[in-house]
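Hi,

Here is the structure I said I would pass on.

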Amino acid sequence: MVDQQPKEISGLRLWQWRKAAIQAAIASDVSPAEVDWLLQEVAGLDRLALRLESFKDWPQISLQLPLEELEALWQRRLNDRLPVQYITGVTPWRQFKIAVSPAVLIPRPETECLIDIAVAAVRKGRENLCLEQGHWADLGTGSGAIALGLADAFKEATIHAVDCSEQALLIAQKNAQNLGLADRIRFYQGYWWEPLQSLQGQFSGMVSNPPYIPTSIVSTLQREVVNHEPHLALDGGADGLDCIRHLIATSPAYLRSGGVWLVEMMAGQADAVREMLQNQGSYCNIEIYTDLAGIERFALAYKL
């Protein structure tokens, strides 16, 4: 029987690995900051120890996996463009640390804005509606990030998280349990509103980050995305608007009067989404919000 590789290594050896990994990252056009993020997760090092390189003199550091495995994964990051979030199995999102796997899209920082927009929308909605209570839906929940954000923001609401992927729901449920929010979020496997038919007309709000990339563009995305993230969560059909079109058409049956409809979309889609919301006839007070880069990224409307 072959001995397991020891997971304890000297600080000096890890420092040497880090130095080489940073040089390799720069040569491969990968952010060298990813090396330190990886070491925070697998070696438990904090940012100060990494910045000062004080760990170099430590006699022993515990790794979650042998250094050889860490090196093999880092080579996959550089050569196969495997996202570092899938290597560590986690990603930061808002104040959370969220588990991720190749079964789910990696939550993006810009998507965090959805929660802030939802909170502001509730404050602007008619006061007698108490929109911060009742039922909220996260349709296409993936890792559960939006559902977690809603549960944290609306303490008196019940969040209904839907996804067609069983593997994604397992990740989302794990995140809800890890973050102590499992009693506030209900999970359903299915397409969009379908599993929630018994609650028609009862929702205070719906938030979604649906697939919105035109089919012809998916193959041109970064290798990290096109080779490793689930295409089911990316491909929005010929014009990228298939899922958003469906959500515009079906949501009025589920939302209360005054209820919030909020989605993320791709740059350049805002005018089309606004027009579809207006033409549907069940929405009012339609607003477009930009992300931190100034891109029109989010569409908000209220049910008449």
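On helix 1, the face turned away from the buried side carries Gln-23 and Ala-27, both exposed. For these labels, buried means under 20% relative accessible area, exposed means over 50%, and partly exposed is in between, with a 1.4 Å probe and protein chains only. Helices (H or I, at least four residues) and strands (E, at least two) are DSSP runs, numbered from the N terminus.

Before going on: this is a predicted model, so local features need pLDDT of at least 70 and side-chain atom pairs count only at pLDDT 80 or more, while totals for chains, interfaces and linings use all residues. Residues are numbered from 1 along each chain as its sequence is written, and side-chain values use heavy atoms, with hydrogens and water left out.

Back to helix 1 (residues 11–27). Its 17 residues reach 24 Å from first C-alpha to last, close to the 24 Å expected at 1.5 Å a residue; the expected span is 1.5 Å times one less than the number of residues. Gly-11, Leu-14, Trp-15, Trp-17, Arg-18, Ala-21 and Ala-25 are its buried residues. Seen down the axis, they fall within an arc of 160 degrees, so they line one face of helix 1. That arc is taken over the directions from the helix axis to the C-beta atoms. Their cover includes strand 1 (8–9), helix 2 (33–42), helix 3 (47–52), strand 2 (61–62) and helix 4 (67–79). Just after helix 1, Asp-29 has a positive phi of about 60 degrees.

Two other residues are worth a look for their phi. Most residues other than glycine have a negative phi. Glu-53, in the loop between helix 3 and strand 2, has a positive phi near 60 degrees and is partly exposed at 33% relative accessible area. Trp-192, in the loop between strand 7 and strand 8 (203–208), has a positive phi of about 50 degrees and is buried at 15%.

Which of its residues are buried? They are Ala-168, Leu-169, Ile-171, Ala-172, Asn-175 and Ala-176. These cover an arc of only 160 degrees around the axis, which puts them on the same side of helix 8. They pack against strand 4 (96–99), helix 7, strand 6 (157–163) and strand 7 (185–189), where contact means heavy atoms within 4.5 Å. Leu-170, Gln-177 and Asn-178 are exposed on the face turned away.

Helix 7 (residues 145–153) also packs with helix 6 (residues 113–124), at an angle of about 35 degrees and with the axes 9 Å apart. Here the axes are lines fitted to C-alpha atoms over the stretch in contact, and angles run from 0 to 180 degrees between N-to-C directions. Helix 6 brings Leu-114, Ile-115, Ala-118 and Val-119 to the contact, and helix 7 brings Ile-146, Gly-149, Leu-150 and Ala-153.

Glu-224 sits in helix 10 (residues 223–228) and is buried, at 14% relative accessible area. Leaving aside neighbours within four places in sequence, Glu-224 is in contact with Arg-77, Arg-81, Pro-83 and Glu-229.

For the whole chain, there are 12 helices and 11 strands, and 52% of the 304 residues are buried.

Cheers
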